[in-house]
Amino acid sequence: MDQPVHNSASQNSSSNFAFLQTCLLNAGVGREQIIDKTSSKYESLNYQWNTIHGLILPLAYLLVQRVQDVQAAIRCCETANVRPVARSGGHSFAKYGYGDSMSLVIDLQDLNQVEVDKESRTAWIDAGARVGRDRKSVV
């Protein structure tokens, strides 16, 4: 099955965002979790130290707090014709975690639980866990 071609020049990003936002809100995602270009939080979330590939301005950011937020984001992105992009550590030199102008960046930083079973020597680490912040949990 062919994937739809996404050309940001031919897309009406404001209507895509409105549809995406409505879908997310209807799915139980909090309005404060959805950060678009008009939000004062957008610039700090979109900070890019590496400008080798230019400045990327994704459609919006979603600050997920639960697995259900991620599930809703994937469903809503498909419905709204927006590309979902997962960002966990924020460390991609090629800036894959920013997508493009028709992307929703799904920011996983608050999904950062670390659970260790010392007896079985097993650890469960959420996608948003970072070595610098969360390594004490596994050491």
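**Exercise 1. Which residues does asparagine 50 touch, not counting residues up to four places away in sequence?**

Solution. This is a predicted model, in which local features need pLDDT of at least 70 and side-chain atom pairs count only at pLDDT 80 or more, while totals for chains, interfaces and linings use all residues. Residues are numbered from 1 along each chain as its sequence is written, and side-chain values use heavy atoms, with hydrogens and water left out.

- Step 1. Locate the residue: asparagine 50 sits in the loop between α2 (42-45) and β2 (60-63). Helices (H or I, at least four residues) and strands (E, at least two) are DSSP runs, numbered from the N terminus.
- Step 2. Look for contacts, meaning heavy atoms within 4.5 Å. With residues up to four places away in sequence left out, asparagine 50 touches Phe93 and Lys95.
- Step 3. Check the side chain: one of its polar atoms lies 2.8 Å from the backbone nitrogen of isoleucine 52.
- Step 4. Classify the accessibility, where buried means under 20% relative accessible area, exposed over 50%, and partly exposed in between (1.4 Å probe, protein chains only). Asparagine 50 counts as buried because its relative accessibility is 6%.

**Exercise 2. Find the salt bridges in the whole structure and describe each pair.**

Solution. Side chains of opposite charge can pair when their charged atoms come close. The criterion for a salt bridge is a side-chain nitrogen of Lys or Arg within 4 Å of a carboxyl oxygen of Asp or Glu. The search finds three.

- Step 1. Arginine 66 and aspartate 69 meet through their side chains at 2.9 Å, N to O. Arginine 66 is partly exposed at 36% relative accessibility, whereas aspartate 69 is buried at 0%.
- Step 2. Aspartate 100 pairs with arginine 83, and their closest N and O atoms are 2.5 Å apart. This pair links distant parts of the chain: aspartate 100 belongs to the loop between β3 (83-87) and β4 (103-107), arginine 83 to strand β3, and they are 17 residues apart. Aspartate 100 has 28% relative accessibility, so it counts as partly exposed.
- Step 3. Aspartate 107 and arginine 87 form a salt bridge at 2.9 Å, N to O. Because aspartate 107 lies in strand β4 and arginine 87 in strand β3, the pair ties together parts 20 residues apart in sequence. Aspartate 107 is buried, at 3% relative accessible area, and arginine 87 is buried too, at 11%.

**Exercise 3. Examine phi at asparagine 81 and at arginine 121.**

Solution. Most residues other than glycine have a negative phi.

- Step 1. Asparagine 81 is not a glycine, yet its phi is positive, about 60 degrees. It is found in the loop between α3 (67-80) and β3, and is partly exposed at 28% relative accessibility.
- Step 2. Arginine 121 also has a positive phi, near 55 degrees. Its place is the loop between β5 (114-117) and β6 (122-125). Arginine 121 is exposed, with a relative accessible area of 78%.

**Exercise 4. Summarise the protein chain as a whole.**

Solution.

- Step 1. Count the elements: there are four helices and six strands, in the order α-β-α-β-α-β-β-β-β-α along the sequence.
- Step 2. Of the 139 residues, 34% count as buried.
- Step 3. Among contacts with a separation of 6 or more, 53% come from residues 24 or more positions apart.
- Step 4. The chain exposes about 8,900 Å², and carbon and sulfur atoms supply 51% of that area.

Methods: Accessible areas come from the Shrake-Rupley method with a 1.4 Å probe; for residues, only the protein chains shown count as cover. A polar contact is a pair of N or O atoms within 3.5 Å; within protein, one must be able to donate a hydrogen and the other to accept it, and residues adjacent in sequence count only if both atoms are side-chain atoms.
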